[in-house]
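Please open the model in your viewer and keep the selection panel at hand. The tour below moves from one selection to the next and says what is found at each stop.

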Amino acid sequence: MQGENLTSWSFFFLEGFSRYPKLEIVLFIFSLLMYLITLLGNSILILITVVDSRLQTPMYLFLGNLSFMDICYTSASIPTLLVNLLSSQKTIVFSGCAVQMYLSLAMGSTECVLLAVMAYDRYVAICSPLRYPVIMNRQVCVQMATISWVTGSLTALLETSFALRIPRCGNLIDHFTCEILAVLKLACTRSLLMDTVMLVISVLLLPIPMLLICISYVFILSTILRISSAEGRNKAFSTCGAHLTVVILISSAEGRNKAFSTCGAHLTVVILYYGAALSMYLKPSSSGSQEIDKIISLLYGVLTPMLNPIIYSLRNKEVKDAVKKVLGKMYLQQTQEHL
């Protein structure tokens with residue numbers, strides 16, 4: 001089939017983890033559990049940010065977007081993975097592959113920008129608390145969220161359109177989804193234009209946002225350390241809003257350690273997501289094993305979306321109170337209906 005164009009085929013074969021049949025059932029169970037947890041955790045977060053007026057703040061606006069994004073991101077690839085792990089015929093139609101590739105790229109790119117926007121929001125809240133309501137008003141927040149979505153959607157459209165136009169000499173994708181790098185390995189010849197587009201977009205969406213996040217956290221931690229009095233800590237606590245409910249700034253060393261621990265948890269998710277993506281998209285195309293790439297894809301495609309609501313929100317007292325309030329209302333409604 002050398003030299004034959006991709007348009008000759010109406011479907012692709014997905015290699016997935018076919019070389020490890022005993023591992024497939026284990027991966028199916030873990031992937032299914034993590035997918036269900038991702039759907040549940042992110043859906044709960046979206047629900048309470050809509051129905052609870054106390055959570056209609058800039059931080060929860062961004063977190064709501066992040067949760068919706070994580071649901072779309074995992075739903076674009078995990079159902080296909082689950083089906084193929086149990087199926088002997090691991091195939092996907094051409095149109096399905098194109099949609100999957102676009103949605104995965106769009107959601108992943110949007111999340112890269114949104115994580116940087118959220119870091120800026122926390123920087124303003126903690127480092128300039130008095131100006132926070134002015135700087136991060138609702139109109140600005142909506143605009144920043146919109147920019148994140150537009151940036152991710154347009155860059156994904158550009159990458160997908162270039163990737164699908166390149167002539168290919170096969171239809172066996174050595175991956176469990178239509179991941180763009182795996183699809184590009186089917187190309188008959190290397191495309192300098194495609195390589196340049198991928199490199200430029202990867203640099204703009206990966207190391208630059210991650211650098212901005214790290215700089216924001218340096219200023220945040222520096223500001224926390226400079227708050228010496230209990231009164232100053234309490235003022236920072238009350239002014240910075242819901243985010244600081246997970247950062248207990250008390251006068252003891254234990255309080256500082258807890259604040260650092262919470263920031264560390266947030267940075268863990270950021271490093272996990274960006275680190276995995278950087279190792280995928282900014283490494284030489286000839287280096288590394290495809291099996292390792294599959295594991296890395298599972299890491300930032302399944303694990304990170306599951307951890308996001310836990311680390312960013314579900315450990316937050318305000319979120320817990322809101323969940324209890326919503327569940328309480330639902331229980332009362334059901335009780336009244338039965339009566």
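What follows is a walk through some helices and a few of their residues.

This is a predicted model, in which local features need pLDDT of at least 70 and side-chain atom pairs count only at pLDDT 80 or more, while totals for chains, interfaces and linings use all residues. Residues are numbered from 1 along each chain as its sequence is written, and side-chain values use heavy atoms, with hydrogens and water left out.

**The annotated spans**

Begin by colouring residues 25–48, 60–82, 102–120, 199–224, 236–253, 259–282 and 294–314, which an unreviewed UniProt entry annotates as "transmembrane region"; such annotations may be inferred rather than shown by experiment, and their positions are given in the numbering used here. Residues 25–48 are 100% helix and 0% strand, with 35 Å between the end C-alpha atoms. In residues 102–120, likewise 100% helix and 0% strand, the end C-alpha atoms lie 27 Å apart. Helices here are DSSP runs of H or I with at least four residues, strands are runs of E with at least two, and both are numbered from the N terminus.

**Helices α1 and α2**

Next, select helix α1 (residues 21–51) together with helix α2 (residues 58–86), whose axes are 9 Å apart and pack at an angle of about 155 degrees. Axes are lines fitted to C-alpha atoms, for helices over the stretch in contact, and the angles between N-to-C directions run from 0 to 180 degrees. The two helices, α1 and α2, are therefore roughly antiparallel, a term for angles over 145 degrees, whereas those under 35 count as roughly parallel, 65 to 115 as roughly perpendicular and the rest as oblique. The crossing of α1 past α2 is left-handed, meaning that the near helix is turned anticlockwise from the far one by less than a right angle, with clockwise giving a right-handed crossing. The contact of α1 with α2 has 18 nonpolar, 9 polar and 2 charged residues; Ala, Val, Leu, Ile, Met, Phe, Trp, Tyr, Cys and Pro count as nonpolar, Asp, Glu, Lys and Arg as charged, and the others, Gly among them, as polar.

**Helix α3 and its residues**

Now move to α3 (residues 94–127). From its first C-alpha to its last, α3 reaches 49 Å with 34 residues, close to the 50 Å expected at 1.5 Å a residue, where the expected span is 1.5 Å times one less than the number of residues. This helix, α3, is mostly covered, with 25 of its 34 residues buried; buried means under 20% relative accessible area, exposed over 50% and partly exposed in between, using a 1.4 Å probe and protein chains only.

Within α3, show Met107, which is buried at a relative accessible area of 6%. Its C-alpha is 7.1 Å from that of Cys72, although Met107 and Cys72 are 35 residues apart in sequence. Then pick Tyr102, also placed in α3, which is partly exposed at 25% relative accessible area; 9.5 Å separates the C-alpha atoms of Tyr102 and Thr155, 53 residues apart along the chain.

**Partners of α3**

The crossing of α3 and α5 is right-handed, and their contact has 17 nonpolar, 8 polar and 1 charged residues.

The crossing of α3 and α8 is left-handed. In α8, select Ile224, which is buried with a relative accessible area of 7%. Ile224 and Ile126 are 98 residues apart in sequence, with their C-alpha atoms 8.0 Å apart in space.
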